[in-house]
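Q: I have a structure open on my screen and would like to learn how to read it feature by feature. Could you walk me through it?

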Amino acid sequence: MIQEFADWLIFNIIGLNSDSHLGSALNFFIYDTIKIIFLLFLISVIMGIVNAYLPIDRLRNFLMTRKLYGFQYLLASVFGAITPFCSCSSIPLFIGFVKGGIPLGVTFSFLITSPLVNEVAVAMFLGTFGLRITLIYLFSGILLGVAGGWILGKFRLDKYLTPWVRAIQVHSESETEEWKTERVTFFHRLPVILKDAWSIVKGVLIYIIIGISIGAAMHGYVPESFFEEHLSADKWYSVPIAVILAVPMYANAAGIVPVIQVFVAKGVPLGTAMAFMMSVVGLSIPEATMLKKVMTWRLIFIFFATITLFIILLGYIFNLVL
Amino acid sequence: MEIKVLGTGCASCKALFETVNQAVRECNIEAVVIKEEDMMNIMSYNVMTLPAIVIDEKVVSKGKKLSLSEVKELILK
């Protein structure tokens, strides 16, 4: 249906030839944009419903009060995936977890997965790569959180938090505020959920358009040999180079997925491309400066180095398996 | 009345601060609107999601970029 609309708009209304370069590029652009907006809205609504019934305070209380025998890493990571990510909330969430006496490693699990897996990333992946790759991405984002959090937890890094966070941690309260159950019926909540979902779409719309435009432009203008020379599968160093180059960079999932789609189309192995993306979205200089408020440089370095290594490892595994 | 907007400077925090200012003007009430950006102060309100609104030291909204009418409702309550 969307394809027909795009065809009709570009070829009939604007009157471009379907064989022309510009015509097919524009057609692709319209089709992709509409499809992704639609998916994003849908996923945001689903996540909105989940969050209406499982707000973050409740998730934290769950992690604080139950004995989970190792499953807390997985849970924290899954919680990171389902809570909407906003970079401005990652520090308060971090402190909130520490304050609740949740171990640092478990907190890291949440912190690692949260930017990687969210409604925008899932919608972009579904729209550009289809269900199978989306599921693989989802699974590896959560796995990265679990493994990273677990290893970082083993390092006993608490002493490298900034002093004021240490103080909060020592005085962590195990008593939890009673979660107020608001008895609001689903039908009363739905308008708010729909509105919130729409505002998520509106908020990232510009990045989606920029991302798809860059993707479309690269499609036409970057020669295939460029990527093949530098990032093809038979070069063992291509994964670490792609990942390390991406660490300081930041773009949200909306902007980066269309770009890596071009990488893949031009012959870059999927594992390398996905590792590149995880590194762009998950680790960045802006994030490091934000974390500086709660962590010493030493801890930030250990955190970044560990996650970088894991992403490189994931890249190699994907290149072998996919 | 004292209204604090808690936020670390992200886009939605800035937008909410503007909305609150506008709501105060349009409702014609006496209120001081403060933007609280210091993380240590923010954390003393026990919020985990930003932006948040604090009216007379009580947290009335967190993690939501409220609309103008929603903010007015909070102020007039």
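A: Gladly! Let's begin with the fold of chain A: its secondary structure consists of 16 helices and zero strands. Its radius of gyration is 21 Å, close to the 20 Å that the globule rule gives for 322 residues, so chain A is as compact as a globular protein of that length. Do keep in mind that this is a predicted model.

Q: What does the C-alpha trace of chain A span along its principal axes, and what share of its residues count as buried?

A: The trace spans about 70 × 55 × 30 Å. As for burial, 50% of the 322 residues of chain A count as buried.

Q: Now to salt bridges. How many are found over all chains?

A: Here is the general idea: side chains of opposite charge can pair when their charged atoms come close. A search of the whole structure finds five salt bridges over all chains. One of the pairs is A:Lys195 with B:Glu70, whose side chains meet at 3.5 Å, N to O. A:Lys195 lies in helix α10 (residues 186-221) of chain A and B:Glu70 in helix α3 (residues 68-76) of chain B, so this pair joins two chains. A:Lys195 counts as partly exposed at 44% relative accessibility, and B:Glu70 is partly exposed too, with a relative accessible area of 28%.

Q: Which side chain does B:Lys4 meet in a salt bridge, and is B:Lys4 buried or exposed?

A: Its partner is B:Glu57, at 3.1 Å, N to O. B:Glu57 sits in the loop between β3 (52-55) and β4 (58-62) of chain B, while B:Lys4 is in strand β1 (residues 2-6), so the pair ties together parts that are 53 residues apart in sequence. B:Lys4 is buried, with a relative accessible area of 13%; the cut-off for buried is under 20%. B:Glu57, at 47% relative accessibility, counts as partly exposed.

Q: What about B:Lys35 and B:Glu37: what distance, N to O, goes with their salt bridge?

A: Those side chains meet at 2.7 Å. B:Lys35 is partly exposed with a relative accessible area of 22%, and B:Glu37 is partly exposed with 42%.

Q: Let's turn to the surface. Which residues gather in a patch of positive charge?

A: They are A:Lys154, A:Arg156, A:Lys159, A:Arg166 and A:Arg298. A:Arg166 lies in helix α9 (residues 163-170) of chain A and counts as partly exposed at 31% relative accessibility. A:Arg156 is found in the loop between α8 (131-154) and α9, and at 64% relative accessibility it counts as exposed.

Q: Which residues make the nonpolar surface patch?

A: A:Trp236, A:Tyr237, A:Ile241, A:Leu245, A:Met249 and A:Tyr316 make a patch of about 620 Å². A:Trp236 is in the loop between α11 (224-231) and α12 (238-246) of chain A, and it counts as exposed at 64% relative accessibility.

Q: Finally, the backbone. Which peptide bond is cis, and where is a positive phi found in a residue other than glycine?

A: The bond from B:Leu50 to B:Pro51 is cis, with omega near -5 degrees. B:Pro51 lies in the loop between α2 (39-43) and β3 of chain B. The loop between α2 and β3 is also the place of B:Asn46, where phi is near 65 degrees. B:Asn46 counts as partly exposed at 28% relative accessibility. In chain A, A:Arg156 has a positive phi of about 55 degrees, although it is not a glycine.

Notes
Residues are numbered from 1 along each chain as its sequence is written. Chains are lettered from A and ligands numbered from 1 in the order in which they are written. This is a predicted model: local features need pLDDT of at least 70, side-chain atom pairs count only at pLDDT 80 or more; totals for chains, interfaces and linings use all residues. Side-chain values use heavy atoms; hydrogens and water are left out. Patches are made of residues with over 30% relative accessible area and no salt bridge: like charges are joined within 9 Å, nonpolar side chains (Val, Leu, Ile, Met, Phe, Trp, Tyr) within 5 Å. Accessible areas come from the Shrake-Rupley method with a 1.4 Å probe; for residues, only the protein chains shown count as cover. A salt bridge is a side-chain nitrogen of Lys or Arg within 4 Å of a carboxyl oxygen of Asp or Glu. Lys and Arg count as positive and Asp and Glu as negative; His and the chain ends are not counted. The place of a charge is taken as NZ of Lys, CZ of Arg, CG of Asp or CD of Glu. Helices (H or I, at least four residues) and strands (E, at least two) are DSSP runs, numbered from the N terminus. Buried means under 20% relative accessible area, exposed over 50%, partly exposed in between (1.4 Å probe, protein chains only). The radius of gyration is taken over C-alpha atoms; the globule rule is 2.2 Å times the number of residues to the power 0.38.
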